[in-house]
Amino acid sequence: MSQGICLEKLPLDLEQERLPNHVAVIMDGNGRWAKNKGLPRIAGHRRGASALKELLRCCKDWGIQVLTAYAFSTENWGRPAGEVDFLMSLFEGKLRQELREMVDEDVQIQFIGNLQALPKSLQAEIERSVVATEHNRGIRFRVATNYGGRQEIVQACRAIATQVQQGKLQPEEIDEVLFKRYLYTADVCDPDLLIRTSGEMRLSNFLLWQMAYSEIYITETLWPDFDRSEFHRALSDYQQRSRRFGKV
Ligand code: IPE
Ligand code: IPE
Ligand code: MG
């Protein structure tokens with residue numbers, strides 16, 4: 001990862017104590033970014049991967065504990081096969097290429113989603129990077145790959161139902177705390193801030209359970225152009241918010 005020229009330290013106008021612990025991003029607009037430049041969509045995905053690397057470094061520099069990035073949704077299989085194949089090999093190539101730096105920079109990478117449906121070679125790369133970084137504590141980096149919020153909730157229900165069927169769990173014991181333990185995000189706090197680029201105002205099946213009280217920030221900027229100054233703006237906006245969680 002290359003060192004940013006400016007904004008390496010937390011900008012002075014941001015309060016360290018009021019930073020979000022967990023930032024989630026819907027990295028949208030790669031295709032439009034490429035189209036605007038007369039390039040094929042895959043060029044946008046390539047630039048999008050660089051933008052993610054820069055955001056990860058920025059989160060680490062500024063003291064964000066968890067970053068979850070939406071890389072591929074359960075609905076994205078519906079794209080043309082060529083684009084899907086490109087994305088799968090991009091993920092695999094990037095993992096292989098960046099592993100050394102993630103190890104050195106104390107990044108702990110993990111993946112959420114239905115990983116069994118991914119190409120075997122990508123699964124192997126995922127496994128390798130997770131194992132190699134599991135003891136790192138600098139930042140927790142979660143990549144949502146073949147992730148769908150509904151799929152996640154359904155698989156949790158199925159696992160809980162199996163426990164009940166086997167007599168290991170009573171229906172009365174099922175509450176929000178127990179349910180959370182069956183989600184991919186069992187061991188992380190819910191996102192405090194969701195950022196979506198490219199101006200779309202929807203969740204697109206991302207972290208449906210977990211985002212019950214997340215603050216949402218939407219920018220017109222397309223994902224490949226999302227940089228430190230954009231992230232700075234999102235955090236400044238977040239710090240103006242009053243989070244009430246239903247209270248007064
Ligand atoms: C987001 O960019 C990346 C993925 C969904 C993998 P898009 O590919 O959705 O870009 P647009 O929305 O078509 O511009
Ligand atoms: C959401 O973007 C999924 C990812 C960023 C991986 P999409 O481009 O797939 O979402 P829609 O289709 O605009 O809702
Ligand atoms: Mg899109």
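Helices (H or I, at least four residues) and strands (E, at least two) are DSSP runs, numbered from the N terminus. The views below show a predicted model, in which local features need pLDDT of at least 70, side-chain atom pairs count only at pLDDT 80 or more, and totals for chains, interfaces and linings use all residues. Residues are numbered from 1 along each chain as its sequence is written, chains are lettered from A and ligands numbered from 1 in the order in which they are written, and side-chain values use heavy atoms, with hydrogens and water left out.

**Figure 1. The shell around ligand 1.** Ligand 1 is surrounded by Met27, Asp28, Gly29, Asn30, Gly31, Arg32, Arg41, His45, Ala71, Asn76, Arg79 and Leu87 (a residue is near a molecule if one of its heavy atoms lies within 4 Å of it). Helices α1 (30-36) and α2 (41-62) each supply at least two residues of this shell, and α1 gives the most, with three residues. By class, the shell divides into three nonpolar, five polar and four charged residues; here Ala, Val, Leu, Ile, Met, Phe, Trp, Tyr, Cys and Pro count as nonpolar, Asp, Glu, Lys and Arg as charged, and the others, Gly among them, as polar.

**Figure 2. Polar contacts of ligand 1.** A polar contact is a pair of N or O atoms within 3.5 Å. Polar side-chain atoms of Arg32 and Arg79 each lie 2.7 Å from an oxygen atom of ligand 1, while for Arg41 the distance to an oxygen atom of this ligand is 2.8 Å. The protein covers 86% of the 380 Å² of accessible area that ligand 1 has on its own (Shrake-Rupley method with a 1.4 Å probe).

**Figure 3. The shell around ligand 2.** Ile26, Met27, Asp28, Tyr70, Ala71, Phe72, Asn76, Arg79, Arg196, Arg202 and Ser204 are the residues around ligand 2. Strand β2 (residues 66-73) contributes the largest share of this shell, three residues. Five nonpolar, two polar and four charged residues make up the shell around ligand 2.

**Figure 4. Polar contacts of ligand 2.** The side chain of Arg202 places a polar atom 2.8 Å from an oxygen atom of ligand 2. For Asn76, an N or O atom of the side chain is 2.9 Å from an oxygen atom of ligand 2, and for Arg79 the corresponding distance is 3.2 Å. Of the 390 Å² of accessible area that ligand 2 has on its own, the protein covers 78%.

Technical notes: A polar contact is a pair of N or O atoms within 3.5 Å; within protein, one must be able to donate a hydrogen and the other to accept it, and residues adjacent in sequence count only if both atoms are side-chain atoms.
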